[in-house]
Amino acid sequence: MQTFSTKAQLKGALLKHHRKHDHVVLVPTMGALHDGHRALLEQARKLAGEDGVVVASIFVNPIQFNNSSDLQTYPRTPEKDLEVCEGAGVDYVFSPAPEEMYAGERSITVEEGFLSATLCGASRPGHFSGVCTVLAKLFNLVQPTDAIFGKKDYQQLAIIRRMVRDLDFPVHIHGAEIVRHGNGLAYSSRNARLTPEQKEQAVVIRKAMLQAREEFRAGTDVRTVKEHAAAMIGAVPGTRVDYLEIVDAETMQPLAENRNPALMAAAVYFGDVRLIDNIEL
């Protein structure tokens with residue numbers, strides 16, 4: 001496994017693979033890698049095959065944070081990250097500094113104007129512009145045949161697919177299932193900031209969503225399903241719901257009636273730690 005910190009190094013290493021038309025599979029991450037990331041990397045290794053290559057990017061992207069303290073406290077575990085990558089069969093790790101990725105006078109960003117109007121896009125202005133911009137840069141730098149993203153960030157996955165479609169990036173986007181702890185809590189880099197008590201409390205998101213799916217499939221109206229889920233989460237001390245919504249799983253627009261394809265998505269604060277999760281209804 002080789003690690004690069006500059007765009008020139010990365011492009012130089014990938015040149016021979018592009019010339020041979022090898023499978024090049026990209027897994028973009030912000031580091032603090034956990035078993036959810038490991039699953040993405042292992043899926044990438046299988047997809048690339050023996051002759052292809054897996055590229056993992058590790059970059060805490062500053063322009064997708066709308067809160068400077070959140071950026072500063074985002075967990076960073078560089079040594080462990082490299083161990084996870086090597087163990088999963090990654091060939092190249094790209095870990096640039098912000099000044100390597102962005103010019104000081106940069107003035108162009110990539111905006112998505114429909115799918116990003118709800119959920120995380122509504123509660124974190126500018127977030128998805130930052131996500132789309134960095135991914136557009138990574139797609140141009142790596143020129144992958146495939147890229148893999150987790151379904152925990154379901155809205156992000158939908159937006160990336162839309163960007164690839166609308167801007168004609170020649171990359172196939174794969175969505176990987178959410179990896180969970182035994183108690184149902186979704187793996188997240190932010191889990192490291194939870195206290196032991198909060199980790200136990202955070203399981204309520206999954207419980208509320210499983211209840212919501214049962215009610216939704218039984219024909220309960222959307223408003224009641226959301227009210228019941230919100231009440232279950234709100235009963236846990238120290239929680240604050242950022243959003244809890246049932247949306248069309250393709251358009252990310254809120255649903256007023258019980259129909260499919262539907263997705264329940266939530267962002268919940270436990271203290272100052274914001275966790276997201278979702279479930280296909």
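The model is predicted, so local features need pLDDT of at least 70 and side-chain atom pairs count only at pLDDT 80 or more, while totals for chains, interfaces and linings use all residues. Residues are numbered from 1 along each chain as its sequence is written, and side-chain values use heavy atoms, with hydrogens and water left out.

**The sheet**

- Six strands make up an open sheet in the order E1-E4-E3-E2-E5-E6, with parallel pairing; strands (E, at least two residues) and helices (H or I, at least four) are DSSP runs numbered from the N terminus, and two strands pair if DSSP finds at least two bridges between them.
- At the edges stand strand E1 (2-4) and strand E6 (172-176), each of which pairs on one side only.
- On average, neighbouring strands of this sheet are turned by 25° against each other, direction ignored, where axes are lines fitted to C-alpha atoms and angles run from 0 to 180 degrees between N-to-C directions.

- Strand E3 (residues 53-58) is mostly covered, six of its six residues being buried, that is, under 20% relative accessible area with a 1.4 Å probe and protein chains only.
- Both faces of E3 are covered, with Val53, Val55 and Ser57 buried on one side and Val54, Ala56 and Ile58 buried on the other.
- Strand E2 (residues 24-29) runs parallel to E3 and is joined to it by six bridges; Val25 stands opposite Val54, and Pro28 stands opposite Ser57.
- From E2 the chain crosses through helix H2 (residues 35-48) to E3 in a right-handed β-α-β crossover, meaning that, with the strands pointing away from the viewer, the path from the first strand over the helix to the second runs clockwise.
- Strand E4 (residues 92-94) also pairs with E3 in the parallel sense, over three bridges, and Val93 in E4 stands opposite Ala56.

**The cavity**

- The structure holds one cavity of 30 Å³ or more, a cavity being a set of points, on a 1 Å grid over the protein atoms alone, where a 1.4 Å probe fits but cannot get out.
- The largest cavity contains about 60 Å³ of space, a volume being the space filled by probe spheres set on the points, which are joined across faces, edges and corners.
- Its lining residues, which have an atom within 4 Å of a point, include Gly184, Asn191, Arg206 and Asp277.
- Helix H10 (203-217) and strand E9 (273-280) each supply at least two residues of this lining, and E9 gives the most, with three.

Note on methods
Buried < 20%, exposed > 50% of the residue type's maximum accessible area, 1.4 Å probe, protein only. 1 Å grid on protein atoms, 1.4 Å probe; cavity = no way out; pocket = protein on both sides within 12 Å on 5 of 7 lines; lining within 4 Å.
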